[in-house]
Amino acid sequence: MMKKDKKSFRENVKTLFYAIVAALLIRSFIFEPFSIPSGSMYPTLVVGDYLFVEKYSYGFSKHSLPLSLPIIKERVFYNKPQRGDVIVFKTPEDNKTDYIKRLIGLPGEKIKMIDNQIYINNEKILRKKISDEIYSNTYNQKINVEKFKEILPSGKSYHVFEIKENISVYDTDNFDEIIIPKDKFFVIGDNRDNSQDSRFIGGIPKTNLIGKAVVVFLSFDTNRGKWWKVWTWFSAIRKDRFIYSLLPNEK
């Protein structure tokens with residue numbers, strides 16, 4: 001019996017080891033789950049969303065690995081991101097914190113913003129007002145916003161929020177024209193007046209890219225339920241955001 005027990009224990013340890021290795025490989029090179037803690041990407045992403053990020057979309061760097069282990073020296077199997085992608089990256093402020101924003105500007109392009117309108121190489125990105133809405137921020141304050149459909153030159157589109165009465169001490173509606181440096185990308189939040197993005201932190205280096213956000217697989221309204229109250233889970237799940245695509249609408 002002792003020999004069988006030892007053999008069974010070894011087999012269980014081996015199975016657990018293989019499962020951990022497989023999970024790490026999937027997380028590092030295929031898909032990784034992320035959660036949304038803030039409102040900088042409303043209305044595309046809301047607080048409580050859980051989403052999958054394609055890790056292979058733009059190739060791999062050290063930031064693809066747990067703890068950003070410096071095993072991969074340069075980005076390998078690189079695929080250039082596309083304008084309009086919702087991307088996850090390490091902020092260049094500390095190269096540690098995960099941010100999620102929409103990619104707007106590509107390396108070498110000229111970009112500027114005048115009265116909330118983005119210009120790329122002097123071409124204005126089209127936008128159409130959809131509605132007036134109210135959303136609750138992370139402090140549960142009710143914010144009056146205008147919802148716009150923004151249409152890229154390629155025809156891809158998505159929705160953005162503009163706060164009607166912006167009381168921020170920062171000018172989020174304008175920035176002077178810049179040329180995006182080589183191997184860097186300009187990103188911006190869909191919640192235009194409530195986002196820490198390239199307007200403030202600069203371009204995102206190619207090496208900091210983690211992957212492309214592709215789908216919300218679950219969304220949980222923390223105002224209606226708590227994780228330790230199992231009986232609230234069902235009512236707190238946002239049914240309309242189950243398997244919710246994050247890819248821009250095509251032309």
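This is a predicted model: local features need pLDDT of at least 70, side-chain atom pairs count only at pLDDT 80 or more; totals for chains, interfaces and linings use all residues.
Select strand 5 (110–114) and strand 6 (117–120); strands are DSSP runs of E with at least two residues, numbered from the N terminus. Strand 5 and strand 6 pair in the antiparallel sense over four bridges, where pairing requires that DSSP finds at least two bridges between two strands. Two residues separate the strands in this hairpin, and Asp115 in the turn has a positive phi of about 50°.

Next, select Met113. Met113 stands opposite Ile118 in strand 6, and its bridge partner in strand 11 is Phe175. Strand 5 and strand 11 are antiparallel, with three bridges.

**Second stop: the nonpolar cores**

Select Ile104, Ile111, Ile118, Ile120 and Ile125, which touch the most other members of the largest nonpolar core, a set of 14 residues. Such a core consists of buried Ala, Val, Leu, Ile, Met, Phe, Trp, Tyr and Cys residues joined through side-chain atoms within 4.5 Å; buried means under 20% relative accessible area (1.4 Å probe, protein chains only). Strands 5, 6, 10 (157–163) and 12 (184–188) are the elements that give two or more residues to this core. A second, separate core of 13 residues includes Ile36, Leu45, Val53 and Val86.

Now centre on Ile120. Leaving aside neighbours within four places in sequence, Ile120 is in contact (heavy atoms within 4.5 Å) with residues including Arg83, Glu109 and Lys110.

Select residues 126–136 and 142–151, which are strand 8 and strand 9, paired in the antiparallel sense over 10 bridges. Leu126 stands opposite Ile151. Five residues lie between the strands of this hairpin, and Asn140 takes a positive phi near 65°.

**Last stop: Ser68**

Select Ser68, in the loop between strand 2 (49–54) and strand 3 (86–90). Ser68 is buried, with a relative accessible area of 18%. Not counting residues up to four places away in sequence, Ser68 touches Lys62, His63 and Lys90.

Definitions and conventions:
Residues are numbered from 1 along each chain as its sequence is written. Side-chain values use heavy atoms; hydrogens and water are left out. Buried means under 20% relative accessible area, exposed over 50%, partly exposed in between (1.4 Å probe, protein chains only).
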